[in-house]
Every structure is written in C-alpha cells, then in structure tokens.
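Got your viewer open and a way to select residues by number? Then follow along, one stop at a time.

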Amino acid sequence: MQKRSAVRWAIIAMIAVATVINYIDRNALAVMWPEIAGEIGATKEDYALLVTIFMLFYAAGQFAFGRLFDRIGTRLGFAWSIGLWSISIALHATASSIASFSIFRAMLGVSEAGAWPGAVKANAEWFPPKERAFAQGIFNAGASIGAIVSAPLIAFLFLSLGWKGTFLLVGALGFIWVLPWLVIYRAGPDKHPWVNAAERALILDVPAKTAEDPEAEPAKAPSLKQMMSHRQSWGIVLARFFLDPIWWLFVSWLPIYLAETFSFDIKQIGIFAWVPFVGAMLGSLFGGWLSGRLIASGRSVDRARKWVITLGCVIMAPALLGAVLANDPTVAVLTIAAVLFGFQVAIGNIQTLPGDVFHGKSVGSLAGVGGMAAVAGTLITTWLVPVMTKVSYAPIFILVAALVPLCLVAIWFVTGRIEKVDVPSGRG
C-alpha cells in the first residue's frame, strides 16, 4: 500500500501562518490607538470611522478576491493578497491624520480580505469532508494565535520603536512568508508534483486510478446568480451576517474596552488582551476535531456540522451575558475567552459549508459573498459601539448575544440539508 504524503497539511499550516501575520497587522492600530489618538488629536468616533472604512473595503475585497482566487488559483491569489496587505500596513508609518489613516486602512481592508475566501477554497480543494472542519480549525487557530501574540508583540515593539517603526517592521513579515509559499504550493492537488496517488485519491475522494488521470474534466464554476438560487447559499450568508459581528467586536474594540473600563495603558493592554484569544484558538481546534470525529463515526456531514455549530452557540450566548456582569479585568477576559471559544467552535464549521455545498471552482466566490455579509453585520455593530458604550459595554454585549439564536435559525431552517448541490455550468 502506497504511503500518503502530507502536502495538504503543510499548505494549511502555511495559510495559518499567513493568518497570524494578518492579525498582527490589523490589530496593530487597535493596540497603539490610545497613543496615536493623543498624537493626532483623534476621538473614539474617529476610530469607529477607521474601523468602518476598513470593513467596507474588506467587504469589497472579500468579493473581489473570492472571484480572483477562483480565476487565478490559490497559489497566486495568496501571493497577491499578502504582498498588497504588507505594503499597506507599512504605509501606516507615513500617516499623520485621520484622512491618511483612512486611505491606508482602505488599502489594508481590500488586500487582507483575500485570506478568508482563499483559505476556504484551499480547504475545499485539499481536504475531504471528514478532514475539512479540522483543517479550517487550524486556519482559524492561526487567526487566534495572531490575536494572542499581537497585543504583547505590538506593545513591546511600540515601547522599543514607537508606532511608526512598529508599522514598518510588521509590514516586512508578509514578504518573508511569500517565498516559502511559492515553493510549497506549486500546483493544486491534481497536479502537484509532491502529491502521490494515495494522497490524491484521498483528497479528491475518488479511486486512485481516476485520481491519477490528468485529463479529468474539472467542474465549471456556476455564476453568482446560480449559486444564490440555492437555499444553502442564503443560509450560509445569513449565518455569517449574524455571527461574525461578535468576533469583530472583540478584535476591533477589546483594547479600547480594557482602556475605558479598567483604565489600562498600552503595557497593561499587552498583558491582558491576548487571553481571550487563547479560548478562540482552543475553540478552533476543538470544533474542527469534533465535527470530523462525528463524520468518522458515521454521522452525516449535515448533522455533524449543524450540531457542532449549535454547541458553539450554546456556549457563546450565556458567556456574552456573563461578560455584562464582569467588574474585574481577569474575570472579564476569561469570560470573553469563553465567548470566543464558542464562537470559533461554530464559525469554523460555518466556514466549511461553501466547500460542503459547492465544488472547488466556486467555493471562493461563495466564501467571498459570505464574507461580505459578515462585514455588513459588523458595520452595524461598529457604529453602535460609540453610541451604546457611553456608560458601559453591557448594552453592546447584550445586543450581540441576541444575534446568536438568529444564526441558529439561519443554519437549521434556512440552509436546509448540507450536501452537494447540482448547478448548471456558468461563466462565473
């Protein structure tokens, strides 16, 4: 029996590392904002404006890069995305006003967005259904690790280099990543020279003889209209719309929450702000492992995904309400860690659904549309934060807790059965 190679795991590990860099770059502004705001005379509303600009262009980037990945492939798509976002974050060092920060946050939003539809597409191409949620969990764990290391790392760099030097240094990380990526990701699983027949058969979920056939006709991508004619697509999009604002609330506002609620300075933010994302990392891995374990034990993909998503939501909602009562920073960050644990258990499985429903050549597009919906939901909460947090953050925590059951409605009652759907071939 031919031993399987493990190229797919090296690829998902590289994508996870890219996600670590992604989160270091995007979180740098939040961690250093108290100092930057004082220097340029900015307000909390100005920060909300920058978050909004980032998210608007992030939404556009989700759609644009989703289509781009489907057209030029995962290898070049990732190289373009991380190269552009590394330039964008380095340019932050030249900013001196809200206007210039807005331009560079827009550039960063468009380019960073490529990582998510690209990862979902790579996952669908390289992993069979029983491994897909765990692979997505590894990718999402990269986001959590990035959030874990970013606060103390950025705080340390800021104390050593100042905010401008910090932006320049973190901008160099992406260019270091690109070279090994181009070496490892030489082609897709059907043509990669390091993939043997045994691994190719596992990935493509076909007999080894068929997997070795280079003449096999790939499925054509459906058009956007054809994809959105299926209830599964709408369920996925709505689930992202309702659930993603919870993640972005803490990614964008946690340092400021700690500063305003507990009077933390940048050093104290660096000490505390990473703790909740340990919960997120563990949730990413656990949710992916549990879903794969259920499928391996004979559960259908439909039931495995839905029950694990439900478990994540059941953990998340009470923890959000618990955060309302936290009046000690240690209790607060541990409660938020439980929130993000449940979030990642759920979202990792939601993000696998495009690959469960459609074939590889359209997965990036549907993931991009889901990402746009996630941004739309996040924009609403972003502008509500300054309005609802004049006294405390309790009202916004209660609001996002109410979004959790709406996500479950989308998964259980809108999506229908999670299975491959047949669509006519289109021109995308």
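Select D244 and R240 to begin: they sit 4 residues apart in helix 11 (residues 231-262), so about one helical turn separates them. Helices here are DSSP runs (H or I, at least four residues; strands are E, at least two), numbered from the N terminus. D244 and R240 form a salt bridge, with their closest N and O atoms 2.8 Å apart. To count as a salt bridge, a side-chain nitrogen of Lys or Arg has to be within 4 Å of a carboxyl oxygen of Asp or Glu. Both D244 and R240 are buried, where buried means under 20% relative accessible area, exposed means over 50%, and partly exposed is in between (1.4 Å probe, protein chains only).

A quick word on what you are looking at: this is a predicted model, where local features need pLDDT of at least 70, side-chain atom pairs count only at pLDDT 80 or more, and totals for chains, interfaces and linings use all residues. Residues are numbered from 1 along each chain as its sequence is written, and side-chain values use heavy atoms, with hydrogens and water left out.

How many salt bridges does a search of the whole structure find? The search turns up 13. Side chains of opposite charge can pair when their charged atoms come close.

Now select R26 and E112. Their side chains meet in a salt bridge, 3.0 Å from N to O. R26 belongs to helix 1 (residues 7-40) and E112 to helix 4 (residues 98-112), so this pair ties together parts that lie 86 residues apart in sequence. Are these two buried or exposed? R26 is buried, at 4% relative accessible area, and E112 is buried too, at 0%.

For another pair, pick E419 and R417, whose closest N and O atoms are 3.3 Å apart in a salt bridge. E419 is partly exposed, with a relative accessible area of 39%, and R417 is partly exposed at 44%.

Show helix 11 together with helix 13 (residues 275-296). Two packed helices are described by the angle between their axes and the distance between the axes. The axes of helix 11 and helix 13 come within 11 Å and cross at roughly 150°. That makes the two helices roughly antiparallel. On this scale, angles under 35 degrees are roughly parallel, over 145 roughly antiparallel, 65 to 115 roughly perpendicular, and the rest oblique. The axes themselves are lines fitted to C-alpha atoms, for helices over the stretch in contact, and the angles run from 0 to 180 degrees between N-to-C directions. The crossing of helix 11 and helix 13 is left-handed, meaning the near helix is turned anticlockwise from the far one by less than a right angle (clockwise would be right-handed).

While helix 13 is on screen, click V278, which is found there. V278 counts as partly exposed, at 25% relative accessibility. Then find S144: the C-alpha atoms of V278 and S144 are separated by 6.8 Å, though the two are 134 residues apart along the chain.

Now look at S263, in the loop between helix 11 and helix 12 (266-272). S263 is not a glycine, yet it has a positive phi of about 60°. S263 is exposed, with a relative accessible area of 61%.

**On to helix 2**

Select residues 44-72 for helix 2: its 29 residues reach 40 Å from first C-alpha to last, close to the 42 Å expected at 1.5 Å a residue. That expected span is 1.5 Å times one less than the number of residues. At the start of helix 2, a side-chain oxygen of T43 reaches to within 3.4 Å of the backbone nitrogen of E45. Just after helix 2, G73 takes a positive phi of about 95°.

**Last stop: helix 8**

Finish with helix 8 (residues 197-204). How many of its 8 residues are buried? The count is 7, so helix 8 is mostly covered; among the buried ones are E199, R200 and L202. At the start of helix 8, look for N196: one of its side-chain oxygens reaches to within 3.2 Å of the backbone nitrogen of A198.

Key
Polar contact = N/O pair within 3.5 Å; in protein donor to acceptor, adjacent residues only side chain to side chain.
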